[in-house]
Amino acid sequence: MSTMSIGPYINFQGNAREAMEFYQSVLGGALDLHTVNDQGVASLARPGDTITQARLVADGMLIVGTDGHPKYPPTVGENMAIVLSGTDSDRLTGIFNALAESGKLKGKLTEQPWGGKTGYLTDKFGINWVISIEQA
């Protein structure tokens, strides 16, 4: 049986570590901070590293954050998305394709350095989505 979770995906524009550590201090839970080197290899982030992906899981809640990419700063309203993640590849791929059908594809589902697949889109209502297929 697979499970899925849903929560916000937030581009903190360089403040992901500070924001996510603050949320952990308020909400509790487990926080993982990851970075990716120039060769695309993912690892746990050290102090001073750019945060490629931060995940805070607390009491059934999920918050995903990033420092973003300096070449692609978000405009107002573009710094948040809904992240839907889970291990059921077929179901999540179907959801991704259905949401993208009448929307705008921002990044197709692709393999990520930390494993799994991730894709980005805006649905027909203007809502940003990140679909993340985790390794089982």
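Contact means heavy atoms within 4.5 Å. Helices (H or I, at least four residues) and strands (E, at least two) are DSSP runs, numbered from the N terminus.

A word on the model before we go on. It is predicted, so to speak of local features we need pLDDT of at least 70, and side-chain atom pairs count only at pLDDT 80 or more, while totals for chains, interfaces and linings use all residues. Residues are numbered from 1 along each chain as its sequence is written, and side-chain values use heavy atoms, leaving out hydrogens and water.

Thr35 has Ser43 in E3 as its bridge partner.

## Strand E1 and its two partners

E1 pairs with E6 in the antiparallel sense, through seven bridges. Here, the bridge partner of Gly7 is Val83 in E6. With E5, strand E1 pairs in the parallel sense over three bridges, and Tyr9 stands opposite Val64 in E5.

Gly65 also belongs to strand E5. Gly65 and Tyr9 are 56 residues apart in sequence, yet their C-alpha atoms are 5.5 Å apart in space. Gly65 is buried, with a relative accessible area of 0%; buried means under 20%, exposed over 50% and partly exposed in between (1.4 Å probe, protein chains only). Setting aside neighbours within four places in sequence, Gly65 is in contact with Ile10, Phe12, Met20, Thr52, Gln53 and Ala54.

Thr118 sits in strand E8 and counts as buried at 4% relative accessibility. Not counting residues up to four places away in sequence, Thr118 touches Lys108, Leu109, Thr110, Gln112, Val130, Ile131 and Ser132.

## Three salt bridges

The whole structure holds three salt bridges, each defined as a side-chain nitrogen of Lys or Arg within 4 Å of a carboxyl oxygen of Asp or Glu. One of them joins Arg17 and Glu21, at 3.9 Å from N to O. Arg17 and Glu21 are four residues apart in helix H1, so about one helical turn separates them. Arg17 is partly exposed at 21% relative accessibility, and Glu21 is partly exposed at 38%.

Arg55 forms a salt bridge with Glu134, with the closest N and O atoms 3.6 Å apart. Arg55 lies in strand E4 (residues 53-58) and Glu134 in the segment after E9, so this pair ties together parts that are 79 residues apart in sequence. Glu134 is partly exposed, at 27% relative accessibility. In the salt bridge between Glu78 and Lys106, the closest N and O atoms are 2.5 Å apart. This pair also links distant parts of the chain, 28 residues apart: Glu78 is in the loop between E5 and E6, and Lys106 is in strand E7. Glu78 is partly exposed at 37%, as is Lys106 at 40%.

## A nonpolar surface patch

Which residues form a nonpolar patch on the surface? They are Phe22, Val26, Leu27 and Met61, with about 360 Å² of accessible area together. Areas come from the Shrake-Rupley method with a 1.4 Å probe, and for residues only the protein chains shown count as cover. Patches are made of residues with over 30% relative accessible area and no salt bridge; like charges are joined within 9 Å, and nonpolar side chains (Val, Leu, Ile, Met, Phe, Trp, Tyr) within 5 Å.

Helix H1 (residues 16-27) supplies the largest share of the patch, three residues. Met61 is found in strand E5 (residues 61-66) and is partly exposed, with a relative accessible area of 35%.

Note on methods. Pairing = 2+ DSSP bridges.
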